Number of protein chains: 2
Amino acid sequence: MESSCQVDTALEILVGKWKHKILFQLINHDVMRFNELKRAIPGITQKMLTSQLRELEQNDIIQRQVYPQIPPKVEYSMTPYGESLKPLLDAMHSWGSNHIKHLDQLFPQTNEQ
Amino acid sequence: MESSCQVDTALEILVGKWKHKILFQLINHDVMRFNELKRAIPGITQKMLTSQLRELEQNDIIQRQVYPQIPPKVEYSMTPYGESLKPLLDAMHSWGSNHIKHLDQLFPQTNEQ
DNA sequence: CGGCATCCATGACGATACTG
DNA sequence: CAGTATCGTCATGGATGCCG
């Protein structure tokens, strides 16, 4: 286990343009259905939502509960283990917010989105 | 300043397959020259190293010191502000390491690299 | 030594249509 | 409702060559 950089491991869970947004929703809502997530994350396509959910599920970050009925019903929620990501996400959010301010001090003119 | 997700901001500093490896080196070495970094990060190309260093510099994470001499000498180091990333990187590394173990418990057979 | 310019491969991501 | 399948696009990253 080369300890050089398990940062990659953590990053792989979070990058992808959508994963952390999905997690943000699930952390704050406990349980959400597929379309509920889709509605909550503007711009995401079914394809992306599906694939990202699958990856998060495979990493035991979220869990998927299927109700075999018509119409189908699928619920997503954080796993207990997945909750361990919250402090990290909070820390990143916090650092990110501060970074915006920092850049603002450095370049007062520019407006970074 | 929509607070929905400044996680992106933090991620943008760290993703890119190389940025956090560069930071890892600079955090542990104080000052490094261009080729020193290149040697320390197996597989990286000049192009990538250059571009990533530029981006980190623009975000005030690292600083670049040029010595106008022949042959050229350029030194890179963390900025004081850049040091504020260290706790975050440590937390990510720590979580990542633990995640490897966690996956190992879930899927004892598989060997994730 | 420390770059920059150019070209190219890959895969992440998006748009759209179809299905149980 | 919650997907799968297919196709297209574009940014990221890689290989190579030239330069002060």
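How many residues of chain A are in contact with chain B, and how many of chain B with chain A? Here 38 residues of chain A touch 38 residues of chain B, contact meaning heavy atoms within 4.5 Å.

## About the model

This is a predicted model, in which local features need pLDDT of at least 70, side-chain atom pairs count only at pLDDT 80 or more, and totals for chains, interfaces and linings use all residues. Residues are numbered from 1 along each chain as its sequence is written, chains are lettered from A and ligands numbered from 1 in the order in which they are written, and side-chain values use heavy atoms, with hydrogens and water left out.

## Where the two chains meet

Let us start with the protein interface. Chain A and chain B bury about 3400 Å² between them, and 74% of that is on carbon and sulfur atoms; buried area is the accessible area (1.4 Å probe) that two parts lose on being put together, summed over both. On the chain A side, Tyr81(A), Met92(A) and Trp95(A) lose the most area to chain B, together 20% of what that side buries.

There are zero salt bridges between chain A and chain B (a side-chain nitrogen of Lys or Arg within 4 Å of a carboxyl oxygen of Asp or Glu). Polar contacts do cross the interface: 12 residue pairs, both at pLDDT 80 or more. A polar contact is a pair of N or O atoms within 3.5 Å; within protein, one must be able to donate a hydrogen and the other to accept it, and residues adjacent in sequence count only if both atoms are side-chain atoms.

Helices H1 (7-14), H2 (19-29) and H5 (86-106) of chain A each give two or more residues to the side that touches chain B. The largest share, 14 residues, comes from H5(A). Helices (H or I, at least four residues) and strands (E, at least two) are DSSP runs, numbered from the N terminus.

## Around DNA strand C

Now to the DNA. Of the 18 residues around DNA strand C, Gly16(A), Lys47(A), Thr50(B), Arg64(B) and Tyr76(B) come nearest; a residue is near if one of its heavy atoms lies within 4 Å.

Phosphate oxygens of DNA strand C lie 3.0 Å from a polar side-chain atom of Trp18(A), from a backbone N or O atom of Asn35(B) and from a side-chain N or O atom of Arg54(B).
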